[in-house]
Amino acid sequence: MNANNLLTAPHTQILFGDRQEEYTGQTVKNWCGSRVLIHYGRQHVTDPGLLDKIRHSLDEAGIEHCELGLVQKNSRLGLVYRGIEFCKERGVDFILAVGGGSVVNSAKAIAAGVRFAGGLHRMLEHPEEICDALPLGVIVTVPGSGDELSDEITVSEEQHEARGIKIYHLRHSCVFPRFALCNPAIITSFPKHLGLSFANILIRCAETFFTNNICFELSDSICIGILKTLVEMLRRLQQDPGDLAAKANFMWAGVLAYTGYGLNRSENLAIERLSLGLEAVYDCSHGQAAALIFPSWLEAVMSKDPLKAAKFASGVFGIALDFADPAKTAREGIRAVRELFAQLNLPSSFEDLGGSGADIPAVLDAAGINKDDGVGCYVSFSRHGCEVLLSLILTSVADL
């Protein structure tokens with residue numbers, strides 16, 4: 001492994017470059033793993049030879065391994081239960097997640113659950129009681145969620161006949177992955193996955209860009225550079241899904257979005273919080289939920305600093321900045337986001353998720369947003385403000 005391919009996030013070693021999965025065995029051994037659970041979902045592993053390469057690498061390193069697939073969207077608790085018992089029965093001491101955000105979240109929940117004495121539901125309801133977890137590593141096949149670089153766990157109850165699911169969202173430092181192997185050649189370029197990855201990275205960077213903190217011009221420039229490159233790479237991959245250089249830049253943008261370039265900026269959690277409500281009501285992915293909210297969130301916060309919003313539109317989409325009327329440029333940027341999301345078949349209406357505007361109160365309830373809450377940092381939204389924000393979605397399609 002070339003030292004130039006190494007980057008250390010606050011808690012996760014990132015190994016980026018060609019054929020990184022072939023070093024899986026040695027990397028796991030470096031972290032003292034000897035009995036490994038390979039955890040994956042078939043929809044997240046589109047390279048037919050990837051699992052064989054991982055198995056071979058572990059065999060060469062003398063590491064025992066077993067497998068648990070079947071990971072679904074939104075990391076179901078039924079599989080987490082199975083994974084915990086599976087690991088205990090086989091004496092697993094390391095978990096290797098192969099996939100995207102759902103796989104990583106499932107692996108984190110299993111890792112913490114194996115070491116938690118009080119049972120899985122107790123752990124989910126009282127994460128402050130977590131003390132330890134099995135170490136885990138990640139081989140990324142769907143970039144953009146950032147779960148391979150975070151201490152967060154998001155898992156959901158099983159889907160029943162009645163609409164809506166319960167989602168648990170918690171965080172603990174012990175579930176930071178030890179490493180993330182990132183080979184751009186193995187990431188999926190399927191249009192659906194590509195669109196969701198793009199939305200996740202774009203929104204993450206935008207939440208860092210729109211901040212109340214001052215004197216962060218360098219971070220602003222880095223953010224705009226990431227997003228401008230991301231849009232360019234998306235266009236190239238739409239033309240040629242096999243463009244390896246475009247894949248590499250796209251994947252690296254996803255890494256940089258989560259590695260702290262924004263320093264100590266306040267986090268804008270309004271989109272994150274509302275997304276959890278949509279996920280619970282519609283059982284949709286986080287990327288779908290965030291993509292539905294983001295253009296309307298931009299519209300709702302634009303008036304706070306029209307020039308800031310205009311710089312976002314100009315820098316990311318190349319729209320000429322009208323200094324005499326920056327709000328005009330900002331509105332053009334919002335339109336550009338909506339048009340691009342539509343091209344990527346990302347949801348633009350509640351109907352796209354199987355619902356309607358009548359569900360807004362249920363979404364806010366599922367997100368735990370009460371009348372006295374202040375949601376978000378750049379602009380703080382009351383429950384009524386969140387209702388207004390989500391209501392903007394109802395007019396967005398007509399604006400295209």
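A nonpolar core is a set of buried Ala, Val, Leu, Ile, Met, Phe, Trp, Tyr and Cys residues joined through side-chain atoms within 4.5 Å. Buried means under 20% relative accessible area, with a 1.4 Å probe and protein chains only. This is a predicted model: local features need pLDDT of at least 70, side-chain atom pairs count only at pLDDT 80 or more, and totals for chains, interfaces and linings use all residues. Residues are numbered from 1 along each chain as its sequence is written, and side-chain values use heavy atoms, leaving out hydrogens and water.

Start with the whole chain. It has 15 helices and nine strands (DSSP runs: H or I of at least four residues for helices, E of at least two for strands, numbered from the N terminus). Its C-alpha atoms fill a box of roughly 65 × 45 × 35 Å along the principal axes. Of its 400 residues, 56% count as buried.

Contact means heavy atoms within 4.5 Å. Among contacts with a separation of 6 or more, 76% join residues 24 or more positions apart.

Now go inside. In soluble globular proteins, nonpolar side chains tend to be buried together. Here the largest nonpolar core has 111 residues. I95, F198, F294, W297, F312 and L390 have the most contacts inside it. Helix α6, residues 191-209, gives the most to this core, with ten residues.

Take F294. Leaving aside neighbours within four places in sequence, F294 is in contact with L202, I203, A206, I271, F312, V337 and F341.

Terms used. Buried < 20%, exposed > 50% of the residue type's maximum accessible area, 1.4 Å probe, protein only.
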